[in-house]
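Thanks for coming. I will walk through one structure this morning and keep it plain. Please have a look at it first.

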Amino acid sequence: MLNTKNLSPLQLSLYTAFLLSMPISFGFYFLKPNALIALTAFCLTFLGSYLLIKYTLEKFIYRKIKLIYKFIYQTKATLREETYYKYILPQKSIDDVRDDVEKWATQRKEEIEKLKSNEAYRKEFLQNLAHEFKTPIFAIQGYVDTLLDGALENQAVNRKFLENAARNVDRMVTLVNDLDEISRLESGEQPLVRKNFIIQDLIRDVYETLSIKISKKNITTSIKKGCEQPVWVTADKEKIHQVITNLVSNAVKYGKENGNIVASIYQTDEQRVLIEISDDGIGISEEHLDRIFERFYRTDRGRSRDVGGTGLGLAIVKHIIEAHNQTIHVRSKVDVGTTVGFTLDTLKSTGYKL
Ligand SMILES: Nc1ncnc2c1ncn2[C@@H]1O[C@H](COP(=O)(O)OP(=O)(O)OP(=O)(O)O)[C@@H](O)[C@H]1O
Ligand SMILES: [Mg+2]
């Protein structure tokens with residue numbers, strides 16, 4: 001049996017015309033058994049119906065389908081597309097056309113969903129931004145107004161109010177710097193300056209830089225036993241310094257008094273090394289784990305603001321690690337502690353020589 005599924009309009013017209021003319025010519029032969037008359041009837045019916053069906057198909061169906069394709073692909077008539085319409089499109093059955101249109105509709109739906117979520121994200125971002133700025137601005141406004149209203153002459157409070165205002169200015173400066181950093185990382189404006197360095201040295205350097213904060217909470221910092229063997233990595237040293245600083249700062253901020261911060265370094269394979277910073281602090285509950293790398297996200301807004309965070313630290317960390325084409329992850333348990341780990345290229349894998 002002839003496969004009618006993928007017939008072109010021309011083939012379909014020929015096929016239908018043939019099916020029509022056969023019984024008609026047989027009818028003529030049956031009424032008047034004259035082969036010439038039957039053949040003439042066959043030829044005339046075949047030709048007439050062929051032309052009519054082809055014209056109808058072309059005009060009313062095929063051209064409309066072609067229009068649909070032009071619309072859904074939004075194409076211009078380049079040579080390739082003309083070839084497509086001439087040779088490939090006529091081979092398509094109505095089922096194929098429906099599949100193509102459905103595929104197109106699904107793609108559009110996904111695009112719209114993505115645009116909607118971007119829009120929601122943008123709105124949320126602006127709300128957060130306004131909120132983050134409002135807090136220090138109102139505080140500064142309050143202190144300045146109070147000082148102008150007479151507190152300036154009051155020796156007991158004037159310095160304290162100014163210091164408080166200055167602290168809020170610092171907070172805004174940090175916020176602006178962090179936002180600036182994120183947008184530069186996102187736009188790819190800052191190319192990575194890769195260097196070879198020993199990761200343990202960088203970690204010790206960060207412990208040293210943060211020693212005042214660390215000792216205030218009487219926290220013990222260390223590199224895990226068995227991980228002391230120097231590991232050379234190739235990465236942007238400044239930026240990885242910032243990553244480790246942010247992670248250790250978090251470990252201190254959300255760590256317990258007299259707690260511990262441990263850095264572990266594991267060579268996962270020939271190419272990669274995994275660096276983990278662990279603390280035994282308050283931990284993060286499961287529902288927040290997926291979101292802590294988002295901008296402004298804090299697990300407990302009130303408590304985190306008390307310790308001075310804007311919720312941008314981990315967003316910056318993630319950007320830096322992703323700019324290195326590496327990955328970052330977090331494991332945590334409430335009241336047990338948190339471990340944030342990220343990977344880096346080892347010196348060997350990048351082909352650099354010392
Ligand atoms: N080690 C940790 N232990 C417990 N919670 C953490 C830890 N690290 C991050 N978090 C949670 O994740 C949130 C996001 O961290 P992130 O570093 O992005 O912001 P932040 O520390 O609040 O502010 P910033 O780093 O911008 O000063 C924190 O507010 C905190 O709730
Ligand atoms: Mg932080």
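Some ground rules. This is a predicted model, in which local features need pLDDT of at least 70, side-chain atom pairs count only at pLDDT 80 or more, and totals for chains, interfaces and linings use all residues. Residues are numbered from 1 along each chain as its sequence is written, chains are lettered from A and ligands numbered from 1 in the order in which they are written, and side-chain values use heavy atoms, with hydrogens and water left out.

Domains first. The assignment for the chain gives domain 1 (9-92), domain 2 (127-187) and domain 3 (194-350); such bounds come from an automatic or database domain assignment. Between the C-alpha centres of domain 1 and domain 3 there are 71 Å.

Now the cores. A nonpolar core here is a set of buried Ala, Val, Leu, Ile, Met, Phe, Trp, Tyr and Cys residues joined through side-chain atoms within 4.5 Å. Buried means under 20% relative accessible area, exposed means over 50%, and partly exposed is in between, with a 1.4 Å probe and protein chains only. The largest nonpolar core has 51 residues, and those touching the most other members are I199, I203, I240, I244, V248, F342 and L344. Which helix gives the most to this core? It is helix α8 (residues 237-253), with 7 residues. Helices (H or I, at least four residues) and strands (E, at least two) are DSSP runs, numbered from the N terminus. Domain 2 (127-187) and domain 3 (194-350) each supply at least three residues to this core.

Take I244 from that list. Setting aside neighbours within four places in sequence, I244 is in contact (heavy atoms within 4.5 Å) with I199, L202, I203, V206, I277 and F342. There is also a second, separate core of 6 residues, which includes Y62, Y69, Y85 and V97.

Next, the ligand. There are 18 residues around ligand 1, and N250, Y254, D279, T299 and L314 come nearest; a residue counts as near if one of its heavy atoms lies within 4 Å. As for polar contacts, these are pairs of N or O atoms within 3.5 Å; within protein, one atom must be able to donate a hydrogen and the other to accept it, and residues adjacent in sequence count only if both atoms are side-chain atoms. T310 places a polar side-chain atom 2.9 Å from an oxygen atom of ligand 1. G311 uses a polar backbone atom, which is 2.9 Å from an oxygen atom of the ligand. For G313, a backbone N or O atom lies 2.9 Å from an oxygen atom of ligand 1.

How much of the ligand does the protein cover? The figure is 93% of the 590 Å² of accessible area that ligand 1 has on its own. Accessible areas come from the Shrake-Rupley method with a 1.4 Å probe, and for residues only the protein chains shown count as cover. The elements giving two or more residues to the shell around ligand 1 are α8 and α11 (313-323).

Back to G313 for a moment. This residue lies in helix α11 and counts as partly exposed because its relative accessible area is 25%. G313 is 166 residues from L147 in sequence and 33 Å from L147 in space, C-alpha to C-alpha.

Helix α8 also holds Q242. With a relative accessible area of 24%, Q242 is partly exposed. Beyond four places in sequence, Q242 touches E181, I316 and I320.

S13 is found in helix α1 (residues 9-31) and is buried, at a relative accessible area of 0%. Outside the four places either side, S13 touches Y50, I53, K54 and L57. T45 sits in helix α2 (residues 35-73). Is T45 buried or exposed? Its relative accessibility is 19%, so T45 counts as buried. Leaving out residues up to four places away, T45 touches S21, I24 and Y50.

Last, two backbone angles. Most residues other than glycine have a negative phi. N325, in the loop between α11 and β6 (328-333), has a positive phi near 60 degrees. N325 is exposed, at 61% relative accessible area. D335 has a positive phi of about 65 degrees and lies in the loop between β6 and β7 (337-346). D335 counts as exposed because its relative accessibility is 55%.

That is the tour.
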